Amino acid sequence: MMFEVKIQDIVSEDYCFEKVRELRWTNGVHCPACNSHNVKKDGMRTSRQYYQCRECNKKFDDLTDTVFSNSKLPLKTWILCLYFMGLNLSNVQIAKELDINVKTAHYMTEKLRGEISEKKLIYSLMERLNVMKST
Ligand SMILES: [Zn+2]
């Protein structure tokens, strides 16, 4: 008899936000609008940390200006989608693993592939996930 353990039951939203913060703010938190490091924390909602810039007063959070912002899906769904892409799973397989429909999986992989070529954060996440895979 086989037990079916889904990776999304093991990985927490907290963990994913921690990883994103670790990778995104390697040189400290800075304002995406003016690049100032003069920022203050502005509370947490669920696992997401919010900030406000002391220079330009703009508010931002861990996901501002990333492919993950403005998505209704949990961050971990995106992170695990990246992970499965690294394992060369098809959209159909990814949809099954993440309990989402194939159309959503297709949308996510397209969006992430588009970002991989441009965004450093996605790159670092991919690298980190590949490390996870080989250990
Ligand atoms: Zn600013």
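1. In this predicted model, the axes of α2 and α3 come within 8 Å and cross at roughly 70°. Angles of 65 to 115 degrees count as roughly perpendicular, and α2 and α3 are therefore roughly perpendicular to each other. The crossing in which α2 passes α3 is left-handed.

2. Which residues meet where α2 and α3 pack? From α2 they are E13, C16, F17 and V20, and from α3 they are L75, K76 and I79.

3. Helix α2 covers residues 13-24, which is 12 residues. From its first C-alpha to its last α2 reaches 16 Å, close to the 16 Å expected at 1.5 Å a residue. The buried residues in α2 are C16, F17, V20 and R24. They cover an arc of only 95° around the axis, which puts them on the same side of α2. An α-helix has 3.6 residues a turn, so residues three or four places apart point the same way. Exposed residues D14 and E22 are carried on the face of α2 turned away from its buried side. Of the contact residues in point 2, C16, F17 and V20 belong to this buried set.

4. Helix α3 (residues 75-86) also has 12 residues, which should span 16 Å at 1.5 Å a residue; its end C-alpha atoms are 17 Å apart, which agrees. Is α3 mostly covered or mostly exposed? It is mostly covered, with 11 of its 12 residues buried. The buried residues are L75, K76, T77, W78, I79, L80, C81, L82, Y83, F84 and M85. The α3 residues that meet α2, namely L75, K76 and I79, are included in that list.

5. Please look at the backbone at N88, which follows α3. Its phi is near 60°, a positive value in a residue other than glycine. Most residues other than glycine have a negative phi. N88 sits in the loop between α3 and α4 (91-98). With 7 other C-beta atoms within 10 Å, N88 is exposed; the cut-off for exposed is 12 or fewer.

6. D65 is not a glycine, yet its phi is positive, about 65°. The loop that holds D65 runs between β3 (59-61) and α3. How many other C-beta atoms lie within 10 Å of D65? There are 13, and D65 is partly exposed.

Note on methods. Residues numbered from 1 in each chain as written. Predicted model: local features only at pLDDT ≥ 70, side-chain atom pairs only at ≥ 80, totals over all residues. Helix = DSSP H or I, 4+ residues; strand = E, 2+ residues; numbered from the N terminus. Expected span 1.5 Å × (residues − 1). Buried ≥ 20, exposed ≤ 12 C-beta atoms within 10 Å, placed from the backbone. Arc of directions from axis to C-beta. Axes fitted to C-alpha atoms, helices over the stretch in contact; angles between N-to-C directions. Parallel < 35°, antiparallel > 145°, perpendicular 65-115°, else oblique. Left-handed = near helix turned anticlockwise from the far one by under 90°. Contact = placed C-beta atoms within 7 Å.
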